[in-house]
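Me: I am new to this structure and would like a guided look at it. Could you show it first?

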Amino acid sequence: MRVTVIGTGYVGTVTGACLAYLGHRVTCVDTDAAKIALLRRGESPIYEPHLAELLPLAEARGGLDFDTGLAAAAAESDVIFIAVGTPPLPGGEADLSYLEAAARSAGAAMDAARFRVVVNKSTVPVGSGNLVEALVREGIEEARPAERRQIRFGVASNPEFLREGSAISDSLYPDRIVTGSSDPETLAAMRELYRPLVEQSFDPPPGVPRPAALARVPMVATTLTSAEMIKYAANAFLTLKIGFANEMANICEHVGAEAPEVMTGIGLDARIGSRFLSPGIGWGGSCFGKDVNALLHTAHEYGYDSRLLRASLEVNAAQRQMVIQKLQERLFILKGRTIGLLGLAFKPDTDDLRDAPSLHIAERLLQMGARVKAYDPVAMAACRAQRPDLKIRYCDSAQDAAVEADALVLVTEWREFRELDLAGLARVMARPVLVDGRNLFSPEAARAAGFEYTGVGRPRPRTALQAAEPPA
Ligand SMILES: NC(=O)c1ccc[n+]([C@@H]2O[C@H](COP(=O)([O-])OP(=O)(O)OC[C@H]3O[C@@H](n4cnc5c(N)ncnc54)[C@H](O)[C@@H]3O)[C@@H](O)[C@H]2O)c1
């Protein structure tokens, strides 16, 4: 099929490349001329594993090109995806201005030559499907008032569930595809578009193997509103699951239980499941906080106060603050101390810094008069560019971040940090304090390497004397 994708960010670029890899002819459009220029040169504007290798394959299979203008591509397209940003406004609600501009321009580009489907992949507040339809119609009426009755289009909501860092795999081998629409012609076009994904009838690209058990991907057809709600409900649940693991970890620290053991123990219960139960310094990223806030905001508009969602946000904010407390417990005064951060990206395998815990931690430390050094394998350039206000000293390596530091904080669990020579790090520090915000290291190994180690939900081993004391 002929496809246009509006927006070449994390979602749009990956969606466009994957659809072209499946054999569709795709044009990706963005108003950001610098991004389009990069993509035309075959370079990816974002750090996403396997994306740079997929782009030429996608170009060779279905065909993939990039443009700043929407009109020509949309006029020829059967399916027009909207994948623009919906960032949070100060009050928590989603900023729909990009979506509105995209939907209106899609309408303005349509003629009566074919039936088109406008698919919304951006995460939008419940009810936005109707908004997209109204805006497309407005675009048509402004551009082609005489033809407006002959121009046919359908609108679908197709929420995106990819995770940055494994976006290609998530897009080619999704757990499910959700399509919301009440129009049979629109649903039929979506089924046709996703047939190769549903049937898994394509050869996996190099480096992105198909999961062994995957034979067919379920396609869930819902109403527009349910599809929009599914996205929010999924993200809200995931924040609750991580928040729950963190809350249990905090209690574990008080009672002397090992949170990772506890999570393994509960995760084996099939009703609970083991994923997303790792205690740490909390979630971040462009979606979780934004989407939970937007859902709270929507609920408020209907007079409903979701206490559970509010608690999820509060627990996460407190978890980030805990890093500061753990540093204070060991160093007492942070003013004048040097703290090395290992990792800046909100999670490994991405350069995305949106709502990253690292930024919050660096901000607090700097406010408190500490000096902050940091090393991240990919996100330092993005941090320098996006947060020039943060006076961080960027380092060439983890070792460099450790030199003369009073403490190290493991913020992002990049794979290369697993291989670190802990004894070598401890040796060059002013004081070998390690706050392991992701429970990446074995406490025993870190202590043997000379560190004063603290993880999340991993209390210090009790001394022989404490262990021998009879219970009160
Ligand atoms: N990033 C993720 O992991 C993820 C996962 C699932 C869903 N989502 C949702 O997908 C949407 C896109 O997220 P993202 O992370 O890709 O955003 P992004 O900010 O990385 O990219 C958005 C792109 O849209 C472009 N754009 C804005 N207005 C435009 C217009 N009128 N015409 C053409 N291009 C325009 C911007 O220039 C930008 O390149 C958001 O609603 C987000 O919530 C994101």
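Predicted model: local features only at pLDDT ≥ 70, side-chain atom pairs only at ≥ 80, totals over all residues.

Me: How many residues surround the ligand?
Reply: There are 27, and the closest are Asp-30, Lys-35, Thr-86, Glu-164 and Lys-290; a residue belongs here if one of its heavy atoms lies within 4 Å of the ligand.

Me: What kinds of residues are they?
Reply: Eleven are nonpolar, eight polar and eight charged. Here Ala, Val, Leu, Ile, Met, Phe, Trp, Tyr, Cys and Pro count as nonpolar, Asp, Glu, Lys and Arg as charged, and the others, Gly among them, as polar.

Me: Which residue has a polar side-chain atom 2.6 Å from an oxygen atom of the ligand?
Reply: That is Lys-290. Glu-164 places a polar side-chain atom 2.8 Å from a nitrogen atom of the ligand.

Me: Where does Lys-290 lie?
Reply: Lys-290 is in helix α11, residues 288-301; helices (H or I, at least four residues) and strands (E, at least two) are DSSP runs, numbered from the N terminus.

Me: Is Lys-290 buried or exposed?
Reply: Lys-290 is buried, because its relative accessible area is 13%; buried means under 20%, exposed over 50%, and partly exposed in between, with a 1.4 Å probe and protein chains only.

Me: Changing topic, which residues touch the most other members of the largest nonpolar core?
Reply: In that core of 54 residues, they are Leu-327, Ile-339, Leu-341, Leu-365 and Phe-451. A nonpolar core is a set of buried Ala, Val, Leu, Ile, Met, Phe, Trp, Tyr and Cys residues joined through side-chain atoms within 4.5 Å.

Me: What does the second core include?
Reply: This separate core of 44 residues includes Val-3, Ile-36, Leu-55 and Ala-189.

Me: And the loops: where is Glu-404?
Reply: Glu-404 sits in the loop between α15 (398-402) and β12 (407-410). Its phi is near 65°, a positive value in a residue other than glycine. Most residues other than glycine have a negative phi.

Me: Where is Asp-349?
Reply: Asp-349 is in the loop between β9 (338-342) and α13 (357-367), and its phi is also near 65°.

How values were computed: Residues numbered from 1 in each chain as written. Heavy atoms only, no water. Polar contact = N/O pair within 3.5 Å; in protein donor to acceptor, adjacent residues only side chain to side chain.
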